[in-house]
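Biologist: I would like to go through this structure feature by feature. Please give the general idea each time, then the case at hand.

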Amino acid sequence: MSDATEAAPVETAARAPGLVARLRDNDIWFSFTRSPITVISAVVTLLLLLSALFAPLIAPHDPFDPATLSIMDSFFPPAWTGEGDPRFLLGTDDQGRDILSTILYGMRISLAVGFASVLFAMVVGVTLGLLAGYLGGVVDSVIMRIADVQLTFPAILIALLIDGVARGVAGPNSYQDIVFGVLVLSIGLSFWVQYARTVRGSVLVEKNKEYVLAARLIGLRPWTIMVKHVLPNVLGPVLVIATINLALAIITEATLSFLGVGVPPTQPSLGTLIRIGNDFLFSGEWWITIFPGITLAILALSVNLLGDWLRDALNPKLR
Amino acid sequence: MTPTLSVRNLRVEIPTRRGVLRAIDDLSFDIAPGEVLGMVGESGAGKSITGSAIIGLLEPPGRVAGGEIRLAGERIDHLPPERMRHVRGKRIGMIFQDPLTSLNPLYRIGEQLTETILTHEQLSGRAARDKAQRLLEEVGIPAAAERLSAYPHQFSGGMRQRVVIALALAADPQLVIADEPTTALDVSVQAQIIALLKRICADRGASVMLITHDMGVIAETADRVCVLYAGRLAEIGPVRDVVKHPQHPYTRGLMAAIPSLAGDPDEKLAQIPGSMPRLGAIPPGCAFNPRCDFAFDRCRAERPDAYPAGATQAACFLHDAKNPPPPEIAGRASEVGLGVTRAPAEVPQ
Amino acid sequence: MNPAETSLVSPGPATDAPLVEVKGLRRVFDLSKPLLNRLIEGGGRVTLTAVDSVDFSIRRGETYALVGESGSGKSTIAKMAVGLLPPSAGSITIEGIDVWGEKSADVQRRMRRRIQMIFQDPFASLNPRWRVGSIVEEPIKAFAMIPDAKDRAARVGELLSLVGLDPRDGSKFPHEFSGGQRQRIAIARALASEPHFIVCDEPTSALDVSVQAQVLNLLRELQERLGLTYLFISHNLAVVRHVATRVGVLYLGRLVEEAPARELFADPKHPYTRMLLDAVPDIEMAGKERLAIAGEIPNPVNPPPGCHFHPRCPFVMPHCKTVVPPVLARGDAGVRCHLFAEG
């Protein structure tokens with residue numbers, strides 16, 4: 001009944017309190033502290049992010065410096081097993097690279113590709129969604145039909161297609177230089193539809209609200225209204241998709257690298273590491289593929305859990 | 001005579017992380033058999049929550065934290081859900097603001113009516129259908145026999161609300177709770193629905209609790225009116241007295257603020273300064289004291305009980321005969337027709 | 001068009017030129033499904049005439065109220081008057097400038113500044129992500145009225161105090177205010193561009209009575225102080241009676257009666273106006289019985305032919321069902337009903 005919702009606690013920040021107080025008072029912060037799983041996944045995500053960021057400082061070895069590598073160190077199992085070497089906590093691979101260090105460095109690449117492609121998809125998707133929703137008519141039809149068509153292909157297929165075209169155009173040597181950009185482009189382009197659809201839906205709701213009419217009344221240009229008025233009010237769901245997409249983008253990158261169309265083995269990402277290790281799985285050197293695999297799983301899972309929580313926290317119906 | 005509904009010291013609480021909000025605080029009232037009691041108040045005053053509390057459908061986490069609710073002498077506030085469901089359909093009928101929420105869009109009107117009738121009465125399918133048709137005729141739906149097989153969306157807003165009234169009355173309830181039954185309707189249709197509700201409940205001797213923010217609707221429909229403010233009783237009494245001679249400063253301000261079709265249109269509307277406090281920020285003492293012209297020290301410290309005030313009861317210290325307000329306040333209040341100094345002879349009956 | 005229809009009221013000889021003139025206003029909405037669906041599923045075009053040959057004019061400093069129930073077209077007229085929705089036919093002239101026909105962008109800009117609107121829902125009319133100060137400041141910026149940021153902030157504070165708020169409230173967000181306070185903010189924003197003409201679209205219907213009185217009194221006070229002209233849209237006759245100097249009654253897109261407010265409430269002519277006045281629940285009517293009113297508003301997609309009101313009219317005559325009644329001038333008032341035809 002109507003009174004029940006009216007009586008529900010409303011934000012009462014009457015005296016404009018400081019930022020910390022506002023954050024404490026915030027409903028999202030509250031729901032965050034109330035969910036232990038979310039807190040754990042946030043801590044794990046943060047730890048992984050930091051260790052990737054500071055990999056050069058914390059990694060025990062530099063796996064990309066050939067001078068420090070010795071073929072004599074190859075195929076050491078993890079340190080706690082009988083034949084392990086205390087220098088290599090998680091063992092070494094066929095070239096004598098420390099697995100722990102390659103994971104730390106690999107995560108950097110995975111995360112960088114993930115963040116960049118999500119950002120790219122977000123910019124493209126949000127812009128097209130805003131245009132489609134706010135302008136409507138032919139613009140809307142064209143954008144949304146393209147989106148519909150794209151949705152009929154699996155994302156990985158589109159990524160493979162773009163990757164293949166880029167490879168063909170650039171040639172094998174120069175491809176090495178642009179591989180990062182191609183990955184971002186191919187993963188990003190396969191994700192934009194979701195943003196566009198969500199944003200378009202929210203814009204359709206927002207654009208008929210009276211605050212938008214008030215802005216039209218004083219003769220603001222459509223683009224100004226879209227960016228200054230409508231966009232801030234549709235960003236909530238975008239943030240949710242972006243978080244969930246980050247996990248997906250990391251996995252997609254890993255899949256591409258696993259299939260051999262991603263980053264080269266000289267600059268391995270988590271996916272590349274899993275692929276390399278996969279060759280040795282049946283000869284008994286399980287640690288080469290298992291540890292990068294576990295890292296990837298934990299990373300994707302914790303980011304995903306964060307995204308789930310964010311979706312629930314921003315959804316007023318579930319609060 | 002046992003009242004149809006008797007509410008005593010009802011308290012409804014909503015626990016939130018910023019503390020427990022008292023949505024209804026110490027509210028008592030009765031509805032006599034056949035009586036129409038109007039519940040008025042501004043949004044957030046707790047009128048709808050009172051209705052939900054009575055029918056046991058408070059939205060969680062809201063809960064009845066104290067007091068008693070009796071239907072024809074029987075306590076219903078702590079019945080198990082199964083029994084309460086039976087009470088709701090059979091003994092208390094409900095009418096909500098939006099008729100579409102009460103009607104299932106996927107079923108024909110006739111099916112919904114006969115289903116309700118059969119749940120509460122031992123009738124053959126044919127007899128139930130006949131009764132459904134009679135009900136539709138009674139609420140003024142033309143060609144009732146044909147309309148039984150229509151779907152809700154084929155009815156206009158006013159006709160839908162008529163169907164909802166028929167549905168609410170299908171099991172001959174003792175009490176009908178109507179929550180803003182005319183708010184979603186056009187003025188011209190609203191009048192029809194009010195007249196219908198009044199007539200049909202009078203015919204059956206059902207009591208009505210009419211919840212609305214529209215004093216005009218109350219004035220025309222109710223016998224008595226209960227005015228709520230911030231979840232508490234402000235004033236309760238016969239409708240004419242509350243409208244013409246309100247005894248609580250809030251009721252007085254409210255009545256004066258309503259634009260009317262009578263009176264001088266050029267005169268400025270009376271206004272109450274400020275707005276009703278949020279439930280989390282109700283001031284100590286009388287909830288109305290910061291907006292009240294007659295507030296004195298006691299009002300800021302102590303919560304007033306409902307005192308007899310002329311023909312009504314008002315929760316205001318101006319009417320405390322044993323401990324009268326300061327003479328200056330009482331003097332000012334009596335100038336505008338409020339307070340203990342009023343001679344009983346002045347009270348119209 | 002019938003010459004009698006072009007103007008509801010003959011212009012008085014001694015009055016100034018009206019601030020707002022609406023002539024032959026018409027708006028048709030196309031409710032048809034897309035062409036492709038129509039071809040596949042069959043079914044022709046469906047149109048809704050929301051506003052049909054409406055004429056009226058508003059003098060400077062006046063409050064003209066448009067009254068009607070759902071489907072009467074009152075909000076559509078409001079949107080056309082402020083330039084948010086183009087009319088299908090007819091014109092709206094404000095201070096001599098055609099709102100929809102003006103070609104010069106410069107003139108248009110100057111005119112826009114003079115027209116503002118106050119909306120019904122104070123919870124939707126303020127951008128929730130903006131601070132109140134920025135909301136009120138926006139029109140000043142948009143029309144480049146005050147170049148200096150400090151002066152602009154001072155002006156915002158001035159506007160907030162003008163509507164009864166604290167100038168410091170500018171740093172808060174809309175959700176920190178109650179409905180009545182939000183409507184005050186919306187009024188402050190409307191005043192920011194120094195308008196001459198404000199369209200108030202049901203400005204109090206979302207508010208509680210005690211707050212409604214505050215807002216109505218504020219609007220009246222501002223009108224006296226700033227010489228504003230209002231077009232007041234409402235379904236509440238009691239409210240209209242308290243604010244309007246002139247009233248137009250709409251039924252299914254047509255103006256059925258128009259008169260000075262006092263005259264309309266004292267002596268309503270059109271059967272629909274009489275019915276509406278009868279239907280309003282009023283606290284003064286406690287305990288009184290009232291006339292029963294028949295029927296509901298028909299679907300505006302398919303209005304009854306002739307006079308739209310004929311199926312509900314107690315005085316219906318045979319030709320009401322076929323002939324659209326012309327507007328019959330009666331002094332300063334006009335009524336669109338065959339009952340008042342000469343002879």
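Modeller: Take a sheet of chain C first: four strands make an open sheet with antiparallel pairing, in the order β2-β1-β4-β5. Strands are DSSP runs of E with at least two residues, helices are runs of H or I with at least four, and both are numbered from the N terminus. Two strands pair if DSSP finds at least two bridges between them. The model is predicted: local features need pLDDT of at least 70, side-chain atom pairs count only at pLDDT 80 or more, and totals for chains, interfaces and linings use all residues. Residues are numbered from 1 along each chain as its sequence is written, chains are lettered from A and ligands numbered from 1 in the order in which they are written, and side-chain values use heavy atoms, without hydrogens and water.

Biologist: Which are the edge strands of that sheet in chain C?

Modeller: Strands of a sheet pair through backbone hydrogen bonds, either parallel or antiparallel. Here β2 (47-58) and β5 (97-98) of chain C each pair on one side only. Between β4 (residues 89-94) and β5 of chain C there are two bridges, in the antiparallel sense, and T93(C) stands opposite D98(C).

Biologist: What is the strand order in the open sheet of eight strands in chain C?

Modeller: The order is β6-β7-β8-β3-β9-β10-β12-β11, with mixed pairing. Its edge strands are β6 (115-118) and β11 (328-330) of chain C. One parallel pair is β6(C) with β7 (residues 197-201) of chain C, joined by four bridges; there, M117(C) has V199(C) as its bridge partner.

Biologist: How many residues of α8(C) are buried?

Modeller: Buried means under 20% relative accessible area, exposed over 50%, and partly exposed in between, with a 1.4 Å probe and protein chains only. In α8(C), 14 of the 18 residues are buried, so this helix is largely enclosed by the rest of the structure. After α8(C) comes G227(C), with a positive phi near 60°.

Biologist: What is the area buried between chain B and chain C?

Modeller: The size of an interface is often given as the accessible area lost when the parts come together. The sum is taken over both parts, with a 1.4 Å probe. For chain B and chain C the area is about 3,900 Å², of which carbon and sulfur atoms give 51%. In chain B, V187(B), E220(B) and L261(B) lose the most area to chain C, together 19% of what that side buries.

Biologist: How many salt bridges are there between chain B and chain C?

Modeller: The count is three, where a salt bridge is a side-chain nitrogen of Lys or Arg within 4 Å of a carboxyl oxygen of Asp or Glu. One salt bridge joins the side chains of E221(C) and K268(B), at 3.5 Å from N to O.

Definitions and conventions
Buried area = accessible area lost by both parts, 1.4 Å probe.
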